Amino acid sequence: MTVKRLTAHNFRNLKEIELEADSGVNIIYGQNAQGKTNLLECIWLFTGAKSFRGAKDTELVSFGCESAHIAMDFTAHGREQTARIIFTPRRQAELNGIKLALPSKLAGEFYAVIFSPDHLSLIKDGPSERRRFLDLAIGQLWPGYIEVLRQYNRAVSQRNLLLKKARERAADCNTLEAFEREIARSGAVIMNYRSRYIEILNSTAPEIYHNISGKKERLSIEYVRKEGLFTESDLAEALESRRQQDILSGTTSVGPHRDDLEFEISGTKAGKYGSQGQQRSVVLALKLAEAQIIKQITGEQPVALLDDVMSELDTVRQDYILNHIKGWQVLITCCDPSPITKLINGKVFYMQGGRLCEG
Ligand SMILES: Nc1ncnc2c1ncn2[C@@H]1O[C@H](COP(=O)(O)OP(=O)(O)OP(=O)(O)O)[C@@H](O)[C@H]1O
Ligand SMILES: [Mg+2]
């Protein structure tokens, strides 16, 4: 999968830009607030997903303008394709001249993975960020997962409502049991998908991390869940046995909505003890592993979008990113132009005030 040419018109501060990308490494450098992240966001939107910054479509149109228009020529599934997205600000997309019923139908046509400094929350913050990472990655590969997750979350919210009512002796026990059966059924499917994904992640991310660290450090990833919770009946039993306790707290204390991931670097916990560079390297390894897994399963190599990944990394780690990610396209943004001198092959662009120039 390769981005060939991208154009943007009135997209955020990118009034009129054109990018002819290299099929290997592309560096976009420039001072703060010039439009580098906006450019990666623009490419990301061709995956059919929402903005990775959580932005609404109205926020993507340049201030004072009615609409934005972005277009991209890329190769995927062995042929040249063109996609266009118009924000009026309502989003509409077309692929190879054919209007799509929904912009999300671009999913599966163009694949990318994105590293953003915000993703450091994956290591630094609480477990919900790690579950979100898993859910997005799994949902991208197996869309059926998203529906099961929706059913599960709905059943947990309804059980929680009933638990609160039960405190006031106003709940119907049969309904509570029905929700528990649904939690156990969908929860077991979620746990299965997650263990399968973490198993594949463990066969890819540690090797990538080892290489990023200059072959010095080892990463391990563990799926953390309530002990002994593996099957539908395990979950059903645990829900039943904790019912009284859950009525007191008004929340469901077991199930995959309490799952977590634990990262260790050479035997110590990455979240508690990892340095800034190590934590950044773990997130980068996870994102590159996510790309490799997409390649393994779909046969398509996603484009890697790496926003501000270089800062806090030493020269060994920067060199890995610039010169050792082989066989796929990478777009990297940075403020400090010094890594450019280490780039062996690829293209360099300078972004200033929403304008892009090569060199
Ligand atoms: N809808 C919009 N219309 C016009 N300008 C916008 C819009 N949305 C964001 N901007 C502006 O785009 C500018 C560039 O943002 P961007 O996040 O791409 O900067 P950057 O080059 O990545 O900077 P940094 O190095 O600090 O991350 C910001 O100053 C912001 O105000
Ligand atoms: Mg930025």
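Analyst: Two strands count as paired if DSSP finds at least two bridges between them, where strands (E, at least two residues) and helices (H or I, at least four residues) are DSSP runs numbered from the N terminus. This is a predicted model, in which local features need pLDDT of at least 70 and side-chain atom pairs count only at pLDDT 80 or more, whereas totals for chains, interfaces and linings use all residues. Residues are numbered from 1 along each chain as its sequence is written, chains are lettered from A and ligands numbered from 1 in the order in which they are written, and side-chain values use heavy atoms, with hydrogens and water left out.

User: What joins S4 to strand S5, and what lies in the turn between S4 and S5?

Analyst: S4 and S5 (residues 79-87) run antiparallel and are joined by nine bridges, and Ile70 stands opposite Ile85 in S5. The two strands make a hairpin with two residues between them, and in the turn His77 has a positive phi of about 50°.

User: In what order do the six strands of the antiparallel open sheet lie?

Analyst: The order is S2-S1-S4-S5-S6-S7, with antiparallel pairing. Strand S2 (14-20) and strand S7 (98-99) are the edge strands, each pairing on one side only. Within the sheet, strand S1 (residues 2-11) is joined to strand S4 (residues 68-76) by seven antiparallel bridges, and Leu6 stands opposite Met72 in S4. Helix H1 (residues 36-44) packs on this sheet, touching S1, S2 and S4 (contact means heavy atoms within 4.5 Å), and its direction makes about 115° with that of S1; such angles run from 0 to 180 degrees between N-to-C directions of axes fitted to C-alpha atoms, for helices over the stretch in contact.

User: Which strands stand at the edges of the sheet with mixed pairing, and why is one side of each left without a neighbour?

Analyst: That open sheet has six strands in the order S8-S12-S13-S3-S14-S15. Strand S8 (112-115) and strand S15 (355-358) stand at its edges, each with a single partner strand, so one side of each has no neighbour in the sheet. Neighbouring strands are turned by 20° against each other on average, direction ignored. S8 and strand S12 (residues 303-307) run parallel and are joined by four bridges, Ala112 having Val303 in S12 as its bridge partner. H1 packs on this sheet too, touching strand S3 (25-29), S8, S12, strand S13 (330-334) and strand S14 (347-352), at about 155° to S12, while helix H10 (residues 276-298) lies across S8 and S12, running at about 175° to S8.

User: Which residues are closest to ligand 1, and how many surround it?

Analyst: A residue is near a molecule if one of its heavy atoms lies within 4 Å of it. Here 16 residues surround ligand 1, the closest being Ala33, Lys36, Thr37, Arg53 and Val61.

User: Which atoms of Ala33, Val61 and Arg12 approach the ligand?

Analyst: A polar contact is a pair of N or O atoms within 3.5 Å. A polar backbone atom of Ala33 is 2.7 Å from an oxygen atom of ligand 1, a backbone N or O atom of Val61 lies 2.9 Å from a nitrogen atom of ligand 1, and a side-chain N or O atom of Arg12 is 3.2 Å from a nitrogen atom of ligand 1. Taken alone, ligand 1 exposes 660 Å², of which the protein buries 73% (Shrake-Rupley method, 1.4 Å probe).

Conventions:
A polar contact is a pair of N or O atoms within 3.5 Å; within protein, one must be able to donate a hydrogen and the other to accept it, and residues adjacent in sequence count only if both atoms are side-chain atoms.
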